[in-house]
Structures are given as C-alpha cells and as structure tokens.
Amino acid sequence: MKIFIHNVLLDDQRVDISIEGNLISSVEPTKESPVVDADTTYIEGEHMAAFPPLVNAHTHSAMTLFRSYGVDLPLERWLNEKIWPNEANLDPEIVYWGSRLACIEMIKSGTACFNDMYFFHEETARAVDELGMRAMLGFTCFDHFDPAKAEQLKHDFEDYARFVAEWPSSSLVQWAVAPHAVYTVSGPTLRWIADFAREHGMRYHIHAAETQTECRNSLDQNGATPVRWLQQNGVLGDNLVVAHGVWLDDDEIRMLGDARSTVVHNPCSNLKLGSGYAFKYNELRDAGVNVALGTDGCSSSDNLDMIEAMKFMSLLQKGWRLDPTSLPADETLRVASLGGYRAVGLNGGVVAPGCLADLMLVNLDSIPFVPCSQSVCNLIYAAHGDVVDTMIVDGKIIMQNRQVPGEEETIREARRVVKKLIKV
C-alpha cells in the first residue's frame, strides 16, 4: 500500500510525506502539483499537522470498564477493596470488549501502540489485530509468596511460550512478561521470570517504586527498596520496563541507567492516587535511562488520552522544580513517542524516511490550534485527543475523519459486560 500526504505541517514546515509498505519513504518540501500514482492513497494535508504518534507505555487496557470506579482512595485500599475483588469476575468476553474500548479510545487520541499488563492477553491481542494498532502484551502474574503458586507459574509460562511461538509473525502484537510487583511476586519467581524473558527475547514489565508505602514495606520485608530488590534478583537490564518509578533515589537511578532500562512516568494516575508528583525526569534522562510516558489504566487515570498525559508531565516538572524551562514541549513529545517506541523495541516515534509508517494527523481547524504559533506547543498545552483526525499505523489508515470501524458496537457491548464485572 502507498500513501501520499500533501502539504501537511511538520515541525512548522510544509512537507509532502510518502509512505510505501510499512515505512516512510520520503519527507520533502511541498510540491505545488505533485504526481500521484493511481494505486496511491492521497491525503490532502493543507488543514493538517503531522506528528509522530504516541505510545502508551504502561496501561491495563481492559480496565476501561473500571473507569471512574473506586475513586478517592490510596493505592493499597483501592486495590484491595475495589479492584482485586471485582477482577475475580473477569472472563475472556469482558476483557475482549474492555480492550476493544481501550483500543478505540487510544486510536482516537493519537496512540498507535501500547504496553499492556493484564489478563486474558489473547483477547486483547484479538482486539488489537482487528483494529490495526500495535501492542506489547505482557503475561501478567502473581504468586503471592505461595510456593505452590510459584511452581504452577512455571508451567503456565511454558504454556505461554508455546502460545507465543504459534502467534502469527505478521501480527502487530509483541509479547512480554509482566510480573505485577515486588509486593505480589516473590524474589525467586522474579528471578525465574527474568531468566525466562531473556531466553525468549522478551521485555520484562513490572510496577516498582510507585508509592512510599511500597518502598517502606519492601525495605522491611526484603531488606531492600524495590529497584534494589529487582537488582538483587537479576532483573535489571535493557529489557526492563519499570512502571511508575516515582520514589527512586540517586543510586537506584544510576543502577537503572547503567542497565539501560526504561522507566514509564504515569503522571495522572500518580496524582489521582496521591502516589507522588516529583518524578525525577532530568536525573533519569541524564543517567541514561530511557523515559517513556503512560496513562496507567482507566481505573486510576480515568482516560487513555496521552495528549493530556503529556501536558501533565510537562507542567509537573515545571511546578515541582520551580522552573518554567523544565521539560519543553518538543522534549515531552519525544518522551511520549520516541521513548515509547524504544521501550517496546521498535523503529518508530519519528516522522522520517526509513522509520515505521506510524503517524497522526491533527486538525488545524480545531480551536486548540487557532492561532498556531508552534504546533507542538499547541498540541501539548492547548489540545486534547479529540484534535486527532487521522491515524496511520504500519502504513495503513486505521482512522480517518475520526471514524473507527466498530465503535458503536464496542460501546454497546462494553456497557453490557460491565454488569458482569463490577459487583462490589
């Protein structure tokens, strides 16, 4: 498939973008009368701006069905009293429709790829493939420090390896491991899963250093803070994706940098749950950590709008550092796009020849872009996800004129299955 985007705004310059197959083939100054082949899809970009699409580098997609549920509680009570009791009701159908709802929400707000930690991953994969976006899906697990459960997990991972080996190589889905956290998975299991991930070439996705309580409890129970405990159990490496990392000290940041790990900031979730706000972005970046951005699940962030998450990230850095020059808009966009693609190991996040043909087109006639002095600043500080008009992923148009196939059915079915899910 070929796509030609004419006279679109990119980095505040007018360009023509050509796509062949699943790669961007050229980005050139706009020609007044371009010649386009009959087999090329033509998009007029006069009223559009092109941006690299966003990667939601930490979420729990099917938790769209928990949107705005269990509010105004700290993390530990929220999990134990609201989330985990209802998650006992999950089944494949619930996860499928919750994941479809999440995918559509993400597509409509500029996200091309997400890194997921949840259950019934095969149902989320089905939703992803149907809608044409990218995802890295983790096999999510707990052993709750029960040796029998830990032993059973080893057999479950063997089944998972066979499942992954049979998954079509042409799929936009990647596979990962996702032990929940150091307070729900024992040290020996964390180490065993790390070995499994390296053997199978997978990313290792885990919550860590999200709250002060988590860090204190880890110190009491393990004699080490979460990241130190992960290091002692052989987890740190360039395949590690740490979700949250709000409460990291300088030595832990150095460890993560030396390992070339990724840390995913989730500002809206951290604020709503009262987990913290002083994310050490500059320190992580300077230490060599790849920093990416996420929303977390809708149960704690309420939406999956990565444009909103970019604004929160930038403003929080300016606020807690008392420095308005902290984290300028173009760097925030790099975190949310390029940082996310690096987190999942893909050559995307930049609109340039040779990169994956993933990009978003926003409507310059929408109010947040009037006037448009610096398009990246308009996107991050003025806009929300509803400015996104067109999404192209892997060289295919998966949304145009804000239309995503199957949206009405998905909303209807999500409303139905949530009645099976939330009982407490």
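Predicted model: local features only at pLDDT ≥ 70, side-chain atom pairs only at ≥ 80, totals over all residues.
Let's start with charge: the chain carries 36 positive and 58 negative charges, and their mean positions lie 3 Å apart.

Residues are numbered from 1 along each chain as its sequence is written, and side-chain values use heavy atoms, with hydrogens and water left out.

How confident is the predictor? On pLDDT, its confidence in each residue from 0 to 100, the chain averages 97, and 100% of the residues score at least 70. Helix α1 (residues 75-87) has the lowest confidence, with a mean of 90, and strand β13 (residues 290-293) has the highest, at 99.

Now for the overall build. The chain has 15 helices and 16 strands, which are DSSP runs numbered from the N terminus (helices: H or I, at least four residues; strands: E, at least two). Its radius of gyration is 21 Å, close to the 22 Å that the globule rule gives for 424 residues, so the chain is as compact as a globular protein of that length. That radius is taken over C-alpha atoms, and the rule is 2.2 Å times the number of residues to the power 0.38. Along its principal axes, the C-alpha trace spans about 70 × 45 × 40 Å.

What about inside and outside? Of the 424 residues, 60% are buried; buried means under 20% relative accessible area, exposed over 50%, and partly exposed in between (1.4 Å probe, protein chains only). The accessible surface comes to about 16,700 Å², with 51% of it belonging to carbon and sulfur atoms; the areas come from the Shrake-Rupley method with a 1.4 Å probe, and for residues only the protein chains shown count as cover. Taking contacts (heavy atoms within 4.5 Å) with a separation of 6 or more, 73% are between residues 24 or more positions apart.

Time to zoom in on a few loops. Asp-394 sits in the one between β15 (388-393) and β16 (396-399), and counts as buried at 15% relative accessibility. Leaving out residues up to four places away in sequence, Asp-394 touches Gly-21, Asn-22, Arg-134, Leu-172, Leu-356, Ala-357 and Asp-358.

Most residues other than glycine have a negative phi, and most peptide bonds are trans. Here are some exceptions. Asp-12, in the loop between β1 (2-10) and β2 (13-20), has a positive phi near 65° and counts as partly exposed at 35% relative accessibility. Asp-72, in the loop between β6 (54-59) and α1, has a positive phi of about 60° and is exposed, with a relative accessible area of 70%.

Which peptide bond is cis? The bond from Val-370 to Pro-371 is, with omega near -10°. Pro-371 lies in the loop between β14 (359-363) and α14 (375-382) and counts as exposed at 63% relative accessibility. In α14, the buried residues are Ser-375, Val-376, Asn-378, Leu-379 and Ile-380. Their cover includes β1, β5 (48-51), α12 (306-321), α13 (329-344) and β14.

Methods: Lys, Arg positive; Asp, Glu negative; His and termini not counted. Charge placed at Lys NZ, Arg CZ, Asp CG, Glu CD. pLDDT = per-residue confidence, 0-100.
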